[in-house]
Amino acid sequence: MTTTTIAAPRSPRRLRGRTNTELYAWLFMRVSGVFLIVLVFGHLFVNLMVGEGINALDFAFVAGKWADPLWQVWDLLMLWLAMIHGTNGLRTVINDYAERDQVRMWLKMLLYVAAAFTIILGTLVIFTFDPCPAEAAAELLPSFCPGA
Amino acid sequence: MTLTTEAPGATPAEAPSAIPSFQVTMRLRRFNPESDTEPRWENHTLTMHGTDRVLDALHKIKWEIDGSLTFRRSCAHGICGSDAMRINGRNRLACKTLLKDLPLKKPITVEPIKGLAVQKDLVVDMEPFYAAYKSIMPFLITTGNDPSRERRQSPADRERFDDTTKCILCAACTTSCPVYWSDGQYFGPQAIVGAHRFIFDSRDEGAEQRLEILNDREGVWRCRTTFNCTDACPRGIEVTKAIQEVKQALLFRRV
Ligand code: SF4
Ligand code: FES
């Protein structure tokens, strides 16, 4: 070949920063949605329908569940996925409908702080929960407590 | 003289009697930048025929009642894409919408398409819309030397992007999208349709770049699958499907 090879015109231009943030956010919504269907309906089924159903719900029932690592992980996953899923959804709504940049920024700030607060508080409760508080009446406690 | 041209309206008993005629009220959203501060509504009641389209009603008003009525149209046969407007709240081509298909009991509302600045009456500034189209590079991108004959393509490869070649750039889809209404930065369905036409063309080599452009914050991920665009498209292009295909290509980096 006698022709010289010239670099192609318009070689890929670097767009600002080239991130896949929006792609991952979109993907997360689909994946977490699928997980949440299983988690939420599993939760509702176990709490409201199995055994005595809704009548069994009391402190002891919840305490009993959280003594089991399976339910700790289940509730933790549900909390995180639902919170992030919802927060991202609201972020989208704010992006779509808040017209002024300032309003948009503050609304999103408020959203992120509220979401972070709820996630941290919820996580803390799941892991530091004491199923047998010392001063509680015995009949309210789950069966495995020393006082019950 | 054997050839005679009859003056319009001279033979009221002939042709029109064959076609049913009816009364229709056209409710137009008018705006004259020279005298109005706000758009206003204006009603006209006309006698029209079963073969008439919304465009014919607009013509009748412009030619016989109020010459200042301003709207775009060119081909009048659904080819040029210049007369997209909001008819009874839906984006349609005035030249493809028959009056008899609309509920005639109530006035038929005709507004300019939403999301682009109104210049006068039904005419909007299309520049931002074209700018979005330009930014996805709607032309063949190749590397290496040009072949000395045509670029061959199998019918199956051609079929891959057939749907999106039908676009006439009427903007009905983009201006029916609620995301576009509130965020003019969004590329909009039409730009994605335009990109789809090249991304899935086996002869084109610019898919990477176009995908990268549409991966932007204001790109395909802004789509909420509302399906307004698919409903609006006068060419019957499955716009939402095309957008989903671009999302998929981005997700799996495979065209
Ligand atoms: S995709 Fe359809 S509605 Fe959108 S600009 Fe093209 S022809 Fe018009
Ligand atoms: S006037 Fe050309 S598409 Fe309607």
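Helices (H or I, at least four residues) and strands (E, at least two) are DSSP runs, numbered from the N terminus.

Residues are numbered from 1 along each chain as its sequence is written, chains are lettered from A and ligands numbered from 1 in the order in which they are written, and side-chain values use heavy atoms, with hydrogens and water left out.

I begin with chain A. Its secondary structure consists of four helices and zero strands, and along the sequence the pattern reads α-α-α-α. Of the 148 residues in chain A, 28% are buried; here buried means under 20% relative accessible area, exposed means over 50%, and partly exposed lies in between (1.4 Å probe, protein chains only).

How confident is the predictor in chain A? The mean pLDDT is 85, and 86% of the residues of chain A reach 70 or more. This score is the predictor's confidence in each residue, from 0 to 100. Among the helices, confidence is lowest in α2 (residues 59–66) of chain A, with a mean of 87, and highest in α4(A), at 95. Residues 10–16 of chain A have a pLDDT below 50, and beyond near neighbours in sequence this stretch has nine contacts in the model. A contact means heavy atoms within 4.5 Å. Where pLDDT is low, the predicted coordinates should not be read in detail.

Which cysteines of chain A are joined? C132(A) and C145(A) form a disulfide, with their sulfur atoms 1.8 Å apart. The criterion is a pair of cysteine sulfur atoms within 2.5 Å, and by this rule the count over all chains is one. The link between C132(A) and C145(A) is left-handed, with -85° about the S-S bond. Both C132(A) and C145(A) lie in the segment after α4 (101–128) of chain A, 13 residues apart.

I now move to chain B. This chain has nine helices and seven strands, and its C-alpha atoms fill a box of roughly 65 × 50 × 30 Å, taken along the principal axes. Of the 255 residues of chain B, 47% count as buried. Chain B exposes about 12800 Å², of which carbon and sulfur atoms supply 51%.

In α6 (residues 189–199) of chain B, eleven of the eleven residues are buried, among them P189(B), H196(B), R197(B) and I199(B). What covers the buried residues of α6(B)? The cover includes α3 (127–135), α7 (207–214), α8 (228–232) and α9 (239–252) of chain B.

Chain B carries 36 positive and 33 negative side chains, and the centres of the two sets lie 3 Å apart. Lys and Arg count as positive and Asp and Glu as negative, while His and the chain ends are not counted. The place of a charge is taken as NZ of Lys, CZ of Arg, CG of Asp or CD of Glu.

Notes:
This is a predicted model: local features need pLDDT of at least 70, side-chain atom pairs count only at pLDDT 80 or more; totals for chains, interfaces and linings use all residues. Accessible areas come from the Shrake-Rupley method with a 1.4 Å probe; for residues, only the protein chains shown count as cover.
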